[in-house]
Amino acid sequence: FFNPRLSTERQRAASLVKKNQTVAVFFGGVGPYAIEIAKHAFPKKVYSIEWNPLAKKSLLENISRNKVGAIVVPLMGDVKKIPPHGECDHIIMPAPDNAVEFLPHAVKWLSPKGGLIQCYTFVSRDNADSEVLEKVSTVLGKNIPFKIVFTRKVSDFSARMLQVCVGIKVG
């Protein structure tokens, strides 16, 4: 899935990545987040993880066309089945339908010192902040120390629902 209307959101997400950080993009698709980060944030490495074999060809072509092959590492498969690298400083999860469910696995990709996870999700317009906290708390539980450092509206999904990006500091 690629939406050109989210270009500003991809730029904002990339702006939070610091120089020489290692990043994982879950549900990487054809690479819009990974390539934006590789070209503008000066990371050490960006893992782009995608299970859809149809996206693989386009991802590899986009990596080549954008000359980011030395930085972007495509990993094909289910993020729950790929062994976590445990070295990431930053994780981006741009699949609002179900990204929250994958938070425990994302934590395993973080370095031992922790890091920032940007997780996209849908919430009701009326209770956005409390709903975000409830979703994240339910999935991460009491065993994983975390702090929500921001909740940012990305777009209107419907009259009553918003797509938001939640910044979760772990560790």
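The radius of gyration is taken over C-alpha atoms, and the globule rule used below is 2.2 Å times the number of residues to the power 0.38. The structure is a predicted model, in which local features need pLDDT of at least 70 and side-chain atom pairs count only at pLDDT 80 or more, whereas totals for chains, interfaces and linings use all residues. Residues are numbered from 1 along each chain as its sequence is written, and side-chain values use heavy atoms, with hydrogens and water left out.

**Figure 1. Overall fold of the protein chain.** The protein chain contains five helices and seven strands; helices (H or I, at least four residues) and strands (E, at least two) are DSSP runs, numbered from the N terminus. Their order along the sequence is α-β-α-β-α-β-β-α-β-α-β-β. For 171 residues a compact globule would have a radius of gyration near 16 Å, and the 15 Å of the protein chain agrees with this. The C-alpha trace spans about 45 × 35 × 30 Å along its principal axes. Of contacts (heavy atoms within 4.5 Å) between residues at least 6 apart in sequence, 63% join residues at least 24 apart.

Figure 2. Buried residues make up 48% of the 171 residues; buried means under 20% relative accessible area, exposed over 50%, and partly exposed in between (1.4 Å probe, protein chains only). The mean positions of the 24 positive and 14 negative charges are 7 Å apart. Lys and Arg count as positive and Asp and Glu as negative, while His and the chain ends are not counted. Each charge is placed at NZ of Lys, CZ of Arg, CG of Asp or CD of Glu.

**Figure 3. Helices H1 and H2 and their buried residues.** Helix H1 comprises residues 7-15, and its buried residues are Glu9, Arg10, Arg12, Ala13 and Ala14. The cover over these residues includes helix H2 (32-40) together with strands S4 (90-93), S5 (115-124), S6 (146-156) and S7 (161-170). Helix H2 is itself mostly covered, with seven of its nine residues buried. These are Pro32, Tyr33, Ala34, Ile35, Glu36, Ile37 and Ala38.

Figure 4. A disulfide is a covalent bond between the sulfur atoms of two cysteines. Here a disulfide is counted as a pair of cysteine sulfur atoms within 2.5 Å, and by this rule the count is zero. For cysteine 88, the closest cysteine sulfur belongs to cysteine 119 and lies 15 Å away, so the two are too far apart for a bond. For cysteine 165, the closest is again in cysteine 119, at 7.7 Å, which is also too far for a bond. Cysteine 88 is buried at a relative accessible area of 0%, and cysteine 165 is buried at 0% relative accessibility.

Figure 5. Aspartate 89 lies in the loop between strand S3 (72-76) and S4 and is buried, with 15% relative accessibility. Beyond its neighbours within four places in sequence, aspartate 89 contacts Gln21, Thr22, Leu110, Ser111, Lys113, Gly114, Gly115 and Leu116. The C-alpha atoms of aspartate 89 and glycine 115 are separated by 4.7 Å, although the two residues are 26 residues apart along the chain. Serine 111 belongs to the loop between helix H4 (103-109) and S5 and is buried at a relative accessible area of 10%.

**Figure 6. Residues with positive phi.** Most residues other than glycine have a negative phi, and most peptide bonds are trans. Phenylalanine 27 has a positive phi, near 55°; this residue is in the loop between strand S1 (22-25) and H2 and is buried, with a relative accessible area of 19%. Lysine 67 likewise has a positive phi, near 55°. Lysine 67 is located in the loop between helix H3 (53-65) and S3 and is exposed, at 74% relative accessibility. Phenylalanine 42, which follows H2, has a positive phi near 55°.

**Figure 7. Serine 124 in strand S5.** Serine 124 is part of strand S5 and counts as buried at 17% relative accessibility. Apart from neighbours within four places in sequence, serine 124 contacts Glu131, Arg160 and Met161.
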